[in-house]
Amino acid sequence: MSLQLYNSLEGKKQEFIPLEEGKVGMYVCGVTVYDYCHVGHARVMIVFDVMYRWLKQSGYDVNYIRNFTDVDDKIIARAAERNIDIQVLTNEMIAEFHKDMDALGCLRPSLEPRATTHMPAMITMIESLIKHGNAYVSDSGDVLYAVRSFEGYGKLSGKNIDDLESGSRVDVDESKRDTLDFVLWKKAKAGEPSWDSPWGEGRPGWHIECSAMSCEHLGHTFDIHGGGMDLKFPHHENEIAQACASNDGQFARYWLHNGFVNINAEKMSKSLGNFFSIREVLKKYHPEVLRMFILGTHYRSPLDFSDSALDVAKAGLDRLYETKRRLKKIGINELIPAFITNDVFEKAMNDDFNTPEALAKVFSLNKEINKRMDAGLDVFDDDLLIKFSTMLGLLAIVKVDADGWFQGVDSDLVSAIENLIVERAVAKKSRDFARADAIRDALAVQGIVLEDSATGTTWKRG
RNA sequence: GGCAGGGUGGCCAAGUGGUAAGGCAGAGGUCUGCAAAAUCUCCAUCGCGAGUUCGAUUCUCGCCCCUGCCUCCA
């Protein structure tokens with residue numbers, strides 16, 4: 001089955017046919033680097049990371065571009081607050097962003113362009129827009145995009161200009177020809193970072209950054225453009241207006257939008273203040289738990305964030321790690337992916353990246369492997385293990401050592417526990433079950449759970 | 001007001017024109033000194049109403065409810 005993608009531009013699933021056979025150009029809107037990222041950001045990064053992995057697995061040579069917005073109002077304000085140069089701030093936040101992404105197991109994109117190093121591309125695009133009559137210099141000195149000059153405006157978001165205006169919450173700006181016109185180039189105010197341009201010192205508007213950077217690195221027409229649902233309008237709509245009007249081309253062919261992370265059925269966002277930063281969550285939960293939590297729901301659906309939801313994700317992951325641990329006990333220490341999946345998993349992934357369905361197949365395989373172990377059968381049959389590990393690898397979960405997963409790394413505690421297990425084994429051998437149970441109970445109070453088996457006793461944190 | 005996306009078992013969440021994956025929780029069995037883990041079995045008629053159809057949770061229409069976008073936002 002070929003890859004089907006839900007294309008926001010058409011509002012339906014379509015077969016994915018790349019522009020150039022065997023190659024995929026994919027652009028994903030990254031973050032504005034002025035603060036730590038929250039779980040909402042984690043979702044985009046993880047969801048597109050899995051898409052990236054699957055496209056590569058499917059044999060495509062993927063050029064994956066994800067930008068950094070490293071100049072904007074919030075960055076300037078935050079830098080001023082901290083009394084540092086914006087570049088100090090953005091460099092710091094990019095480093096922190098990378099820490100989060102590495103922790104979450106997200107592969108680095110092919111390229112992570114920064115807005116501030118792409119001024120010529122943006123200026124060229126703005127010049128072209130002015131030349132084509134799509135942009136104008138306003139009385140205030142800003143360069144604005146004339147929304148009504150672009151015929152297809154609103155196609156992506158399914159809106160039309162008149163509807164937008166009637167419900168518009170935009171402040172009326174006298175220098176705009178139309179209230180929906182947006183800034184391409186912002187005239188510099190005193191003390192703000194600025195770049196030289198044909199319209200004087202200033203800085204780019206947010207939307208032009210992504211149009212210019214995506215075209216610069218992927219060409220005017222490319223395959224996939226992704227990002228959060230909230231960027232659909234106006235950001236992506238504006239990107240299309242800019243790129244198409246300046247080049248008469250098609251721009252991105254497939255638009256993919258992921259759903260939000262909610263808290264109590266309400267969108268997690270900076271402005272509502274109901275957000276959890278990634279690092280905050282990682283203090284309590286292993287990064288794979290967050291990954292499991294996110295992949296347990298289809299990428300386009302809303303996802304409700306809570307501790308109990310993370311607990312459920314962890315319980316599922318525990319189940320997979322129990323299997324990995326059993327395998328380790330019979331001498332299979334490493335799960336080596338060999339890029340063989342099974343048909344149902346492949347079908348799920350090809351169906352618009354249906355990771356919950358794919359995960360269901362992982363659990364089915366998990367059960368199958370355990371059944372074979374219970375029956376004393378060969379787990380290598382039918383490439384069972386290879387499929388299992390490939391699937392886990394593609395989702396980038398169950399990557400750490402199984403004992404480490406359950407036991408942690410405090411070596412003093414580990415040896416203390418292991419001494420008690422030896423003592424208990426002696427007690428059990430002499431049928432002193434009272435003593436054996438006392439040891440088990442004492443450990444249980446500390447949250448340590450013992451598990452006996454024919455081959456000995458193991459333990460984990462409960 | 002306009003537009004978009006939803007309402008599936010106790011919770012989460014897939015899916016399909018012919019009577020519903022998977023996970024968590026729960027009940028019972030096997031295993032175990034007893035547990036735990038694993039495994040087996042059990043546990044839903046898919047928001048409401050109408051229509052199309054031999055047959056709808058899945059298509060159409062109406063209604064109710066929820067969320068998002070329309071300002072910066074992943």
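## Loops and helices in a predicted model

Gly-408 sits in the loop between helix 14 (402-407) and helix 15 (411-429). Helices (H or I, at least four residues) and strands (E, at least two) are DSSP runs, numbered from the N terminus. This is a predicted model, where local features need pLDDT of at least 70, side-chain atom pairs count only at pLDDT 80 or more, and totals for chains, interfaces and linings use all residues. Residues are numbered from 1 along each chain as its sequence is written, chains are lettered from A and ligands numbered from 1 in the order in which they are written, and side-chain values use heavy atoms, with hydrogens and water left out.

Buried means under 20% relative accessible area, exposed means over 50%, and partly exposed is in between (1.4 Å probe, protein chains only). Gly-408 touches Asp-403 and Arg-461, leaving out residues up to four places away in sequence. Contact here means heavy atoms within 4.5 Å. Lys-460 is 52 residues from Gly-408 along the chain, yet their C-alpha atoms are separated by 8.6 Å.

Ser-157 is also a loop residue, found between strand 6 (143-145) and helix 5 (161-166). Ser-157 is buried, because its relative accessible area is 18%. Its contacts are Lys-232, Phe-233 and Glu-237, again not counting residues up to four places away in sequence.

Asp-100 lies in helix 3. At 5% relative accessibility, Asp-100 is buried. Asp-100 touches Cys-37, Ile-278 and Arg-279, not counting residues up to four places away in sequence. From Asp-100 to Ser-277 is 177 residues in sequence and 9.7 Å in space, C-alpha to C-alpha.

**Helix 2**

Which residues of helix 2 (residues 73-82) are buried? They are Ile-75, Ile-76 and Ala-79. Seen down the axis of helix 2, these residues fall within an arc of 100 degrees, so they line one face of the helix. The arc is that of the directions from the helix axis to the C-beta atoms. An α-helix has 3.6 residues a turn, so residues three or four places apart point the same way. The cover over the buried residues of helix 2 includes strand 3 (23-32), strand 4 (61-69), helix 3 (86-103) and strand 8 (202-204).

Now the ends of helix 2. Asp-72 caps the N-terminal end, with a side-chain oxygen 3.1 Å from the backbone nitrogen of Lys-74. Just after helix 2, Asn-83 takes a positive phi of about 60 degrees.

**Helix 12 and its partners**

Helix 12 (residues 355-375) packs against helix 13 (residues 384-395). Helix 10 (residues 307-329) also crosses helix 12. Axes are lines fitted to C-alpha atoms, for helices over the stretch in contact, and angles run from 0 to 180 degrees between N-to-C directions.

| Pair | Angle | Axes |
|---|---|---|
| Helix 12 and helix 13 | about 145 degrees | 10 Å apart |
| Helix 10 and helix 12 | roughly 35 degrees | within 10 Å |

The crossing of helix 12 and helix 13 is left-handed. Helix 10 passes helix 12 in a left-handed crossing too. A crossing is left-handed if the near helix is turned anticlockwise from the far one by less than a right angle, and right-handed if clockwise.

Where helix 12 meets helix 13, the residues include Leu-359 and Leu-365 in helix 12 and Phe-388 and Met-391 in helix 13. By class, that contact has ten nonpolar, two polar and four charged residues. Ala, Val, Leu, Ile, Met, Phe, Trp, Tyr, Cys and Pro count as nonpolar, Asp, Glu, Lys and Arg as charged, and the others, Gly among them, as polar.

Key: A polar contact is a pair of N or O atoms within 3.5 Å; within protein, one must be able to donate a hydrogen and the other to accept it, and residues adjacent in sequence count only if both atoms are side-chain atoms.
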